[in-house]
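Hi,

Here is the structure I promised to pass on.

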Amino acid sequence: MTGLSMNNFSPSMSIPYSFLVPQLDFFPTIINSFDERIAIHPFTTQTYERNKAFKKLGFQRFYAQTAGTDPLKYSAKIGNNPYVSDAASYKNVLAILRQNNKNKIIQLSTMQNHVPYLSNYYDSKIKLDTNLSASSVASLETYTKGVNITDKETANFIQELNQLPQKVTVVLYGDHLPGIYNWQKNNEQQHAKYDNVLHQSDYFIYSNFQEKNVGKAVVSPNMLNPLLFAKTDAKVSPFYGLMTKIALKTPAAELGKYMADSGKYITQSKLTKAQRKILADYNMVMYDLTAGKKIPERY
């Protein structure tokens with residue numbers, strides 16, 4: 001939401017909501033560009049201190065199961081899964097969109113496919129044939145069934161959006177794969193072999209009024225905002241002008257690792273001179289935002 005990359009911070013700062021947000025008074029966030037600023041998390045808002053961080057980031061309302069500013073309208077679950085279903089989460093988004101035609105941002109963090117993954121969650125599972133450990137297979141079969149359900153409900157959600165009179169753009173991504181992959185043999189070697197794959201999850205940007213394709217094979221979370229702006233042909237600030245260059249001209253990055261569009265890791269030495277210049281500018285701007293004079297705040 002801020003465009004700030006974890007790649008430019010110390011690895012010790014694992015939870016920016018707790019460690020970074022309380023220390024700053026300005027963020028180059030897209031949130032304040034909207035009249036209504038709403039967050040939805042079908043769980044407690046207190047995890048990672050989201051309630052405090054989201055308020056400081058500019059959200060006005062926070063719909064949640066507990067400790068939010070507003071209760072969830074829909075909170076149905078599936079089978080024995082203890083978490084609110086993604087279908088219900090999508091219904092909460094649609095209900096808010098239908099309240100009025102005001103310009104709004106809705107940030108939804110779902111829970112249906114969160115750990116743990118018990119075998120009794122659903123009436124059926126998707127069977128897997130792998131060389132993973134028995135416990136990993138059991139968890140993955142439940143997880144895969146949950147993702148399968150999410151895929152279908154996401155398609156239904158998109159169809160509902162297409163019926164709305166408002167112009168709506170959706171950025172959907174999985175923040176990470178679950179840490180449940182363990183092999184029967186040579187587990188450490190297999191983790192090293194598939195590390196790049198285990199650091200990839202699906203994303204898409206969809207608009208019910210704009211068909212332009214702005215996708216990129218592999219992105220970092222900080223690239224999603226500028227791709228959203230590109231999708232909707234929105235005017236951008238100088239900061240997001242730089243972020244557009246980051247998104248379109250540099251590889252995805254995470255904690256010192258760079259990943260090409262092929263999904264393979266590349267070393268920093270493989271970056272071009274132009275890419276190094278863009279990333280150096282970005283690093284300088286991030287330093288200014290977090291520890292300097294916050295020049296982007298003036299623009």
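Lys-104 makes a salt bridge with Glu-36, and their closest N and O atoms sit 3.9 Å apart. By salt bridge I mean a side-chain nitrogen of Lys or Arg within 4 Å of a carboxyl oxygen of Asp or Glu. Lys-104 belongs to strand β4 (residues 104–108) and Glu-36 to strand β1, so this pair ties together parts that are 68 residues apart in sequence. Both Lys-104 and Glu-36 are buried (buried is under 20% relative accessible area, exposed is over 50%, partly exposed is in between, with a 1.4 Å probe and protein chains only).

Before you read on: this is a predicted model, where local features need pLDDT of at least 70 and side-chain atom pairs count only at pLDDT 80 or more, while totals for chains, interfaces and linings use all residues. Residues are numbered from 1 along each chain as its sequence is written, and side-chain values use heavy atoms, with hydrogens and water left out.

Back to Glu-36. Arg-61 also forms a salt bridge with Glu-36, with 3.5 Å between the closest N and O atoms. That pair links distant parts of the chain too: Arg-61 is in strand β2 (residues 61–66) and Glu-36 in strand β1 (residues 36–44), 25 residues apart. (Helices, H or I with at least four residues, and strands, E with at least two, are DSSP runs numbered from the N terminus.) Glu-36 has a relative accessible area of 10%, so it counts as buried, whereas Arg-61 is partly exposed because its value is 22%. Put together, Glu-36, Arg-61 and Lys-104 are linked in a network of salt bridges.

The structure holds 10 salt bridges, and one more deserves a mention here. Lys-127 pairs with Glu-141, the closest N and O atoms being 3.5 Å apart. Lys-127 lies in the loop between β4 and α4 (134–162), and Glu-141 is in helix α4, so parts 14 residues apart in sequence are tied together. Lys-127 is exposed at 64% relative accessible area, but Glu-141 is buried at 4%.

On to a sheet. Three strands form an open sheet in the order β7-β8-β9, with antiparallel pairing (two strands pair if DSSP finds at least two bridges between them). β7 (252–254) and β9 (265–266) are at the edges with a single partner strand each, so one side of each has no neighbour in the sheet. β7 and β8 (residues 257–259) run antiparallel and are joined by three bridges. Within that pair, Ala-253 stands opposite Tyr-258 in β8.

Cheers
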